[in-house]
Amino acid sequence: MSIPEEIDFEVDADDLSPLAADARPLGAPSLVVDDLYITYRVFGGKRVGAGVGAPPSLLKRLLGRGRTHVGGVTSVEAVKGISFVARHGESIGIVGINGSGKSTLMRAIAGLIPPTQGAVYVSGDPSLLGVNAVLMGSLTGERNVMIGGLALGLSPEEVREKFDDIVEFSGIGDAVYLPMSAYSSGMGARLRFAISAAAVPDVLMIDEALATGDAAFRKKSKDRIDAIRDQAATVFLVSHSLATIESICSRTLWIHQGKLVMDGPAAEVCAAYKAFVKAQDGASR
Ligand SMILES: Nc1ncnc2c1ncn2[C@@H]1O[C@H](COP(=O)(O)OP(=O)(O)OP(=O)(O)O)[C@@H](O)[C@H]1O
Ligand SMILES: [Mg+2]
């Protein structure tokens, strides 16, 4: 499984309307995550802190947290007892430091990894904006629209019907007939978002995929997310850009070391998380 590319970007406050994360009436529950545990098993890993002589360094101990090593198999407890309920029409941000379990939680909700313990109940079809994983740089944008559309559960006819809209939304024009490897990173990101947003699933998960170039396109992406929410879907947005989360999400979950440490209004959770990151940053100097 590939870990999505880390792209950090900031949204200018001017790009987005201040009323973006408005409160709107919420529907019935669309998703229930009940005491979810996900443990990865990695074969052939090296024991963390293994070595002769000196005890493991602080760094090694920190990196090794949540890992156990038995007989050549390392277990990584990526999600440890997370529970929450999401509703139709809700947009939920997910924050947390690298390796805290955000992508793992999204993959589990999308049904891509089975729970080790606990359960995920989803009404309708969840879709992880994970088209990144299936797109191929050596193929043209056109071919990738087809592959990505199929990966999202659209039929070939549906993809053909939506093709022009997808290309128009992406704004990359004739470049769609070039191999994706010839795209700038912004162009690639625009096409990925356009493909991903072509389907309207019941639960849409966007993991870092909003890191899409210029201000105009981010505004367009945000409008598209709002439209998806208006169709009563639930949208999850994993991002390291708190400005993006605050402008798009009404509610935010903060995950730390596989546990849900805070769940509440986006502004409050982002403020608490920001304070935590700042304190950590100070402590590590
Ligand atoms: N396929 C995998 N096999 C084994 N361990 C994994 C796998 N994917 C993730 N992990 C481990 O699970 C933990 C959580 O990873 P995850 O990708 O969910 O974090 P994240 O919060 O999405 O981080 P980031 O902000 O860097 O994207 C990490 O310790 C990571 O090393
Ligand atoms: Mg991740």
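Author: Glu90 and Arg251 form a salt bridge, with their closest N and O atoms 3.2 Å apart. The model is predicted, and local features need pLDDT of at least 70, side-chain atom pairs pLDDT 80 or more, while totals for chains, interfaces and linings use all residues. Residues are numbered from 1 along each chain as its sequence is written, chains are lettered from A and ligands numbered from 1 in written order, and side-chain values use heavy atoms, without hydrogens and water.

Reader: Why is the pair Glu90 and Arg251 called a salt bridge?

Author: A salt bridge is a side-chain nitrogen of Lys or Arg within 4 Å of a carboxyl oxygen of Asp or Glu. The closest N and O atoms of Glu90 and Arg251 are 3.2 Å apart, so the pair meets the cut-off of 4 Å.

Reader: What parts does the pair Glu90 and Arg251 tie together?

Author: Glu90 is in the loop between β3 and β4 (91-95) and Arg251 in strand β9 (residues 251-256), so parts 161 residues apart in sequence are tied together. Strands here are DSSP runs of E, at least two residues, and helices are runs of H or I, at least four, numbered from the N terminus.

Reader: What makes Arg160 count as exposed or buried?

Author: Arg160 has 54% relative accessibility and therefore counts as exposed. Its salt-bridge partner is Glu157, with the closest N and O atoms 3.7 Å apart. Glu157, at 47%, is partly exposed.

Reader: Why is Glu246 called partly exposed?

Author: Glu246 has a relative accessible area of 30%, so it is called partly exposed. Lys274, at 45%, also counts as partly exposed. Lys274 and Glu246 form a salt bridge, their closest N and O atoms being 3.7 Å apart.

Reader: How do you know that Lys102 has a polar contact with ligand 1?

Author: A polar contact is a pair of N or O atoms within 3.5 Å (within protein, one must be able to donate a hydrogen and the other to accept it, and residues adjacent in sequence count only if both atoms are side-chain atoms). A polar side-chain atom of Lys102 lies 2.6 Å from an oxygen atom of ligand 1, so the pair is within 3.5 Å. Gly99 has a polar backbone atom 2.7 Å from a ligand 1 oxygen.

Methods: Buried means under 20% relative accessible area, exposed over 50%, partly exposed in between (1.4 Å probe, protein chains only).
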